[in-house]
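Work through the exercises below on aromatic rings and their surroundings. Each task is followed by a worked solution.

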Amino acid sequence: MPRRNVALLLLVALVAYACYVRAEQNPYARYVAAGFSVIDRWALYNEPSGQIADHDPRRFDQELYDAAMTEMVKVLQSRGDEHSQFIPAEQRDRYSELITQEFVGIGIRFHILGDPPLPTVLGPPEVGSPAAIAGLHSGDRIAAVDGKPTTGLNEIEVASLVRGPSGSRVTLSVQRDQAEPLEIVVERSLIVTESVIGEVRIPDGGWQYRLPDRPGLAYVRIIKFGDKTLAELETILARLADEPEGLDGLTIDLRGNPGGSLEAAVGVSDLFLRAGRPIVTTRGRRGEIEERFVSTEAGDHSYLPIAAIIDQDSASASEILAAALQDYDRADVVGTRSYGKGTVQRVMRLEGGRSLLKLTSATYWRPSGKNIHRMPEDDDDAQWGVAPTPGCEVKLDKDELKIWNNYRLRRATIGASDDLQLVAKLNSADGEVPDDYIDRALELAAERLVARVEERRRKSESAN
């Protein structure tokens, strides 16, 4: 027998033996496979209708597999793991784009507004996007997508209809003013989403990054931590530093930020810390340290005065950043106590990458060694999350939260626009914003930032 064949047989035998040993270590793997085979072969009702008929065995197998994975994850959830998740094939792209910050679409922001409620375009489409080229306007109401009415659909369902393969076309039935509906055809293309934005959108579609009446102080809001977050922030800070006003201090707004990439959170933290400072450590299920991330002083902002804003929805990666800034006294943290998500999820590719398993595999701990994660049984007296710096707490009740959310939505979409009809729709949907409204958390953060800038200036003058 040729040597090549002998080597191949040995390799096959080793793989088979490894599989056998693994199965013997956990016999339930064999039991699940046996159960799958029995159902696949003998089940009478293998169609959704419950009728005996010819069926697509691949679809049936896919449904069995998805159900098995979903139920296994539910066991983890019943034991307190609320963040593990099975992501089936049809949801994989939607999940992945949150991290990659890319998707195929048309480049609009919309919200369900009006009477009847319809997806309404908020602000001008992204510059150079397919929607801008096709002529969509701020305030356009999308009544149908490719002939399917949007009445009664939520935002996720509408987005699924609008998106599709790059280069394909979608027809939108648009209501504009009181005229007859328009049929607008838009060709889909790759859209890159922002994760770092400013305080208010300006007429050209860009952002105002400086605080009003405080020319040397900047503001950035990090919506999520994705693959492009660090590069976005570095570009913005470099541009601000080169402007005549300079960059004397920075407010980082993390309110509503659900987290994202651990690597992005570490990278952003590294911009503001001196070298050799532990940023975050991760620990396995036995409490052993698995990874320790240490700052390298990658950026030149390790002495820049900072204020950070958090709220009850600031979670995961945003808590890593807030905790690192607070533990090294690099920032005053303003707002309310954060969410308390201190677990790490590994994303594992299944079915050759068609589906994903987001599995909680470790906890992470702040530089001070304190826990961040809130367990289901923890109350307000337990140690979890990131709390505001003493004297920096700003609480909002439910009504105030509605008004603030609407205020932020308006600032992020239409800014100082004179589109009064769209303003009225936003007010009717989410609570009217008073003309003299003040974002109390941002105002306090700006005050604390001014104090830090002055303190740094005094120290600099004293040293000289």
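Helices (H or I, at least four residues) and strands (E, at least two) are DSSP runs, numbered from the N terminus. The model is predicted, so local features need pLDDT of at least 70 and side-chain atom pairs count only at pLDDT 80 or more, while totals for chains, interfaces and linings use all residues. Residues are numbered from 1 along each chain as its sequence is written, and side-chain values use heavy atoms, without hydrogens and water.

**Exercise 1.** Classify the pair formed by the rings of Tyr-28 and Tyr-31.

Solution. Rings of Phe, Tyr and Trp (its six-membered ring) pair if their centres lie within 6.5 Å; planes under 30 degrees apart are stacked, over 60 edge-to-face, and the rest tilted. A search of the whole structure gives three aromatic pairs. For Tyr-28 and Tyr-31 the centres are 5.1 Å apart and the planes at 80 degrees, so this pair is edge-to-face. Both residues belong to helix 2 (residues 27-42); being three residues apart, they are separated by about one helical turn.

**Exercise 2.** State whether Tyr-28 is buried or exposed.

Solution. Buried means under 20% relative accessible area, exposed over 50%, and partly exposed in between (1.4 Å probe, protein chains only). Tyr-28 has 59% relative accessibility and therefore counts as exposed. Tyr-31, at 46%, counts as partly exposed.

**Exercise 3.** Describe the pair of Tyr-65 and Phe-86.

Solution. The pair is edge-to-face, with 5.8 Å centre to centre and 80 degrees between the planes. Tyr-65 is in helix 3 (residues 57-78) and Phe-86 in strand 1 (residues 85-87), 21 residues apart, and the pair links distant parts of the chain. Phe-86 is buried, at 8% relative accessible area.
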